[in-house]
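The sequence and the coordinates are shown first.

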Amino acid sequence: MAKDAIYEGTREVRTFVDLAHGADVLITKTEQEPKGSYYTTMSALLLTAFTFEAYLNNHLGEKTIKFWEEIEPVKVMDKYSVLCKNLDLTADFSKRPYQTLKALFTFRNAIAHGKSQILQETKEVSSQDDPHDLTLKAHWEEYSILENAKKAKDDVSQIITELHKCAGFGEYLFIHGEGMGSLSIKPPNPMVNPDAAR
């Protein structure tokens, strides 16, 4: 296909919005098909953690703190503390939605910095139990359930909304960035002889 036009455009990419939407899609899929949904649930939890990180890093942080580039490499919970102080917010980690952040990022870090381990346990069980339910699980495996994914998604959305309002950015935050573009047809090149192509 001939390149006979020029496209020019600009678009704000709000990564945290796409990640939040992805988590919603995976949670809905898990609700519709609960059997065999371990990996969609795990993925929904990870996308929710990434939503929070992306909102802090590339949206709120650099728009509200002049020295953000200097602290961007620090742990996400430390950055959240800096932003709370800057916006005069108090996060009570003994209750929701804030306590969910600690559990979610313990999970996220266990996946991101995953290590092999040997699990051992002896316990009394019923011979009628599903063998799969008896399998020993690491903490992050136990955390990968739909209830936790839904709670994390709700709580992270609530915290982001609180931060957004306190920063004075308005009500509407989980919307895609604006974009615009134009397409123009290139003028024919007078140096090209159309008869020569035949």
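In this predicted model, Asp155 forms a salt bridge with Arg96, and the closest N and O atoms of the two are 2.8 Å apart. The pair links distant parts of the chain, since Asp155 belongs to helix 8 whereas Arg96 sits in the loop between helix 4 and helix 5, 59 residues apart. The two partners can also be described by their accessibility: Asp155 is buried, with a relative accessible area of 3%, while Arg96, at 43%, counts as partly exposed.

| Salt bridge | N to O distance | Accessibility of the partners |
|---|---|---|
| Asp155 and Arg96 | 2.8 Å | Asp155 buried, 3%; Arg96 partly exposed, 43% |
| Glu53 and Arg108 | 2.9 Å | Glu53 buried, Arg108 buried |
| Lys29 and Glu33 | 3.6 Å | Lys29 partly exposed, 39%; Glu33 partly exposed, 47% |

The side chains of Glu53 and Arg108 meet in a salt bridge at 2.9 Å, N to O. This pair, too, links distant parts of the chain, with Glu53 in helix 2 and Arg108 in helix 5, 55 residues apart. Both Glu53 and Arg108 are buried.

Helix 8, which carries Asp155, covers residues 146-166 and has 21 residues; from its first C-alpha to its last it reaches 30 Å, close to the 30 Å expected at 1.5 Å a residue. Among the buried residues of helix 8 are Ala152, Asp155, Val156, Ile159, Ile160 and Leu163. In general, an α-helix has 3.6 residues a turn, so residues three or four places apart point the same way. The buried residues of helix 8 pack against helix 1 (15-32), helix 2 (38-64), helix 4 (76-86), helix 5 (98-112) and helix 7 (139-143). After helix 8 comes Gly168, whose phi is positive, near 80°.

Asn148 also lies in helix 8, where it is buried, with a relative accessible area of 11%. A polar atom of the side chain of Asn148 lies 3.0 Å from the backbone oxygen of Tyr143. When neighbours within four places in sequence are left aside, Asn148 is in contact with Leu45, Glu142 and Tyr143.

Turning to the chain as a whole, the protein has eight helices and two strands, and from the N terminus on the elements run β-α-α-α-α-α-α-α-α-β. The radius of gyration is 24 Å, whereas a compact globule of 198 residues would have one near 16 Å. Along the principal axes, the C-alpha atoms fill a box of roughly 85 × 50 × 30 Å. Of the 198 residues, 33% count as buried, and the accessible surface comes to about 13,600 Å², of which 52% belongs to carbon and sulfur atoms. Among contacts between residues at least 6 apart in sequence, 72% join residues at least 24 apart.

Terms used:
Residues numbered from 1 in each chain as written. Predicted model: local features only at pLDDT ≥ 70, side-chain atom pairs only at ≥ 80, totals over all residues. Heavy atoms only, no water. Helix = DSSP H or I, 4+ residues; strand = E, 2+ residues; numbered from the N terminus. Expected span 1.5 Å × (residues − 1). Buried < 20%, exposed > 50% of the residue type's maximum accessible area, 1.4 Å probe, protein only. Contact = heavy atoms within 4.5 Å. Polar contact = N/O pair within 3.5 Å; in protein donor to acceptor, adjacent residues only side chain to side chain. Salt bridge = Lys/Arg side-chain N within 4 Å of Asp/Glu carboxyl O. Rg over C-alpha atoms; globule rule 2.2 N^0.38 Å. Areas by Shrake-Rupley, 256 points an atom, 1.4 Å probe, with all protein chains shown as cover.
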